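Subject: Structure for you to look at

Dear colleague,

I am handing over the structure we talked about, and my notes on it follow below. Please read them with the coordinates open beside you.

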Amino acid sequence: MKRNRKVKILATLGPASSDEAMIRKLHEAGADLFRINMSHSSHEMLRTLIQRIRNVEAACGRPIGILADLQGPKLRVGKFAETTVELKPGQTFTLDSNEAPGDATRVYLPHPEILESVKVGDRLLIDDGKLHLKAVACDGKTIVTEVVSGTKISDRKGVSLPDTILATGVLTDKDRADLDAVLATNDVDWVALSFIQRPEDLAEVRKIAKGRVGLMSKIEKPQAIECIDEIIALSDALMVARGDLGVEMPLERVPGIQKQLIRACRREGKPVVVATQMLESMITAPVPTRAEVSDVATAVFEGADAIMLSAESASGQYPVEAVATMASIAATIEREPHYPGIIYAQRAQPEATGADAISLAARQIAETLKLQAIVCYTSSGNTGLRASRERPEVPIIALSPVIQTARRLSVVWGLHCVVSTEPTDLDEMVNGACRIVVEEGFGKPGDRVIISAGVPLGTPGSTNMLRIAYIGSDGQSGI
C-alpha cells in the first residue's frame, strides 16, 4: 500500500473505531499507526485491539505500528458538600489534607505530593485553567491561595501545576500495571509517557521496558521545555501534546514551542508527533474548518514525522473522513512549490558518524542524479532514522528482516517500510532491493535507485556502503 505523502498519520482508536472492519477502513484511508489510550482501555480491550490491528496488518501486507498511551498522574481536587461552589477573584481559598467535603473556603486535595511541593507564588490551574489560583502560604499540609480569575469550582476537577515540579515520578500504580500488560503482549511498538517533567522521569520506564518498546515522551508541561534537550536525548520519540501544554502555558506560546520541538527533534533525528485538536470540528462535522487545515499544514511544512487524530477518530461521527482529510491535506502540502525549500532550510547538519555521512551522501546522490528511490537495509532501525533525518525529496524504502523494527519505523517521516529477508551476498542485496522497488510501485525497469547497507551483511549498526543500481528489464536484477 503505497502512500502519496511522507508525513505519517497516527489515529486513536475508541468507541467509534474499535472493530476490525473500521480499523481496516482507517488504515486504507491513510492511518499508518494506531494509538490505544490506556486512560480508557482495559487490559482485555488492549489485547483485543492489538489482535484486530495485527489482523488488518496481515490482510493489508504492510507493517502497522501500535502506540500505547499511558494515562499518567491525574491530579484532582476532592468533593464539595454542594457539588459546586461560587468563588470571587481576590478571595482566599485553601487546599488541604482534610477529607471533609469542601465549601466556599476550602477543599480536600488527595495528593500529598502537591501539598509538599507547591511554593508561595506558584500557580494552580483548576478545570483546564477555568479557575486560576496563586499560592500565598504553604506549610506542606495546606496551600492557602488567592483566586486570580474564575468564579466557580466543582467536584473532582483537574489540577494543573505549571510552576511546580513534583517530587514523585510520572508513573502511577495504574501506569505500572498498564505498562506490564503492554509489555506482556510483546506486540506494542511504542509507549507514550504522559506529563514528563524532567529527564529522570524516563529512567523507571526505560528500566522496566528494557528496549522492548520505543519510549515517546509527551511534552505537555512547562518544566519539560526547560530541559528539553536532555529529555530528547533520553527519548526515542517526542509528542507535542498541545492540549495540556495550552492549559499550563499561555496559548499564544504553543505554536512557537511546537516549532521549537519539531526542529530540536529533527536535529537529533528523533521522530516527533504533533497532536491534539488538529481536526477537532470533524468530531461532529464531515469537513474541517479553514483554521484546522492551516494547523495541519503548518505541522507538515515544519517537517513533523507524524500528525495525530484523537477524538476525531476515537469517538467522532466521521473517523474515516477525518483520516482521509488529514491525508489529503498532507499530500497536497507536500506538493506545494515552497515545500522543498522550507524543508531544506531546516535540514540539520550531519553528525560525525559513518551512518550520517552515508545518509547525507545517499540523499545528495539521489537528488543530483534524480534517482527513483533510496533503499536502506536496516535491522535495528537506525539507518532508517538517519535516512529520514535528511528529509530527501525522493522516496525512502526501509527494508528490514525484523518486523518489530518495520513496525516501529511506521511513525518516521518518509519511510515506506517493508519486511524482507536478510540478503546473503551483495548481488542478492541489490537484486532484492530492485525487485521490492518495482513490487511496491516506486520504480520500473530502467530506473535507477541508490542502496545503502552494511558490510559485512547482517551486522547491525555497520552501514558503510552505497550502491547505485539500474533496475533490470526483468524488474528484479540490479545492474
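What percentage of the 479 residues of the protein chain count as buried? The share is 55%, bearing in mind throughout that this is a predicted model. The protein chain has 17 helices and 21 strands, and its C-alpha atoms fill a box of roughly 80 × 45 × 45 Å along the principal axes. A compact globule of 479 residues would have a radius of gyration near 23 Å, and the 24 Å of the protein chain agrees with that. Of the contacts with a separation of 6 or more, 68% are accounted for by residues 24 or more positions apart.

Helix H5, which covers residues 201–209, has Asp201, Leu202, Val205 and Ala209 as its buried residues. They lie on the same side of H5, because they cover an arc of only 75 degrees around the axis. This is in keeping with a general point: an α-helix has 3.6 residues a turn, so residues three or four places apart point the same way. The partners against which the buried residues of H5 pack are helix H4 (173–185), strand E12 (190–193), strand E13 (214–219) and helix H7 (228–234). Just after H5, lysine 210 takes a positive phi of about 55 degrees.

Glutamate 312 is buried yet has no salt bridge, and the nearest side chain of opposite charge, that of arginine 242, is 7.4 Å away. Polar atoms of the glutamate 312 side chain do, however, lie 3.0 Å from the backbone nitrogen of leucine 279 and 2.7 Å from the backbone nitrogen of serine 310. Leaving aside residues up to four places away in sequence, glutamate 312 touches several residues, including Gln277, Met278, Ile283, Tyr318 and Ala322.

Gln277, one of the residues touched by glutamate 312, has a positive phi of about 60 degrees although it is not a glycine. Glutamine 277 is found in the loop between strand E15 (272–275) and helix H10 (290–302), and at 48% relative accessibility it counts as partly exposed.

Aspartate 128 likewise is not a glycine, and has a positive phi of about 55 degrees. Aspartate 128 is found in the loop between strand E7 (123–126) and strand E8 (131–138), where it is exposed, with a relative accessible area of 54%.

How values were computed:
Residues numbered from 1 in each chain as written. Predicted model: local features only at pLDDT ≥ 70, side-chain atom pairs only at ≥ 80, totals over all residues. Heavy atoms only, no water. Buried < 20%, exposed > 50% of the residue type's maximum accessible area, 1.4 Å probe, protein only. Helix = DSSP H or I, 4+ residues; strand = E, 2+ residues; numbered from the N terminus. Arc of directions from axis to C-beta. Contact = heavy atoms within 4.5 Å. Lys, Arg positive; Asp, Glu negative; His and termini not counted. Salt bridge = Lys/Arg side-chain N within 4 Å of Asp/Glu carboxyl O. Polar contact = N/O pair within 3.5 Å; in protein donor to acceptor, adjacent residues only side chain to side chain. Rg over C-alpha atoms; globule rule 2.2 N^0.38 Å.
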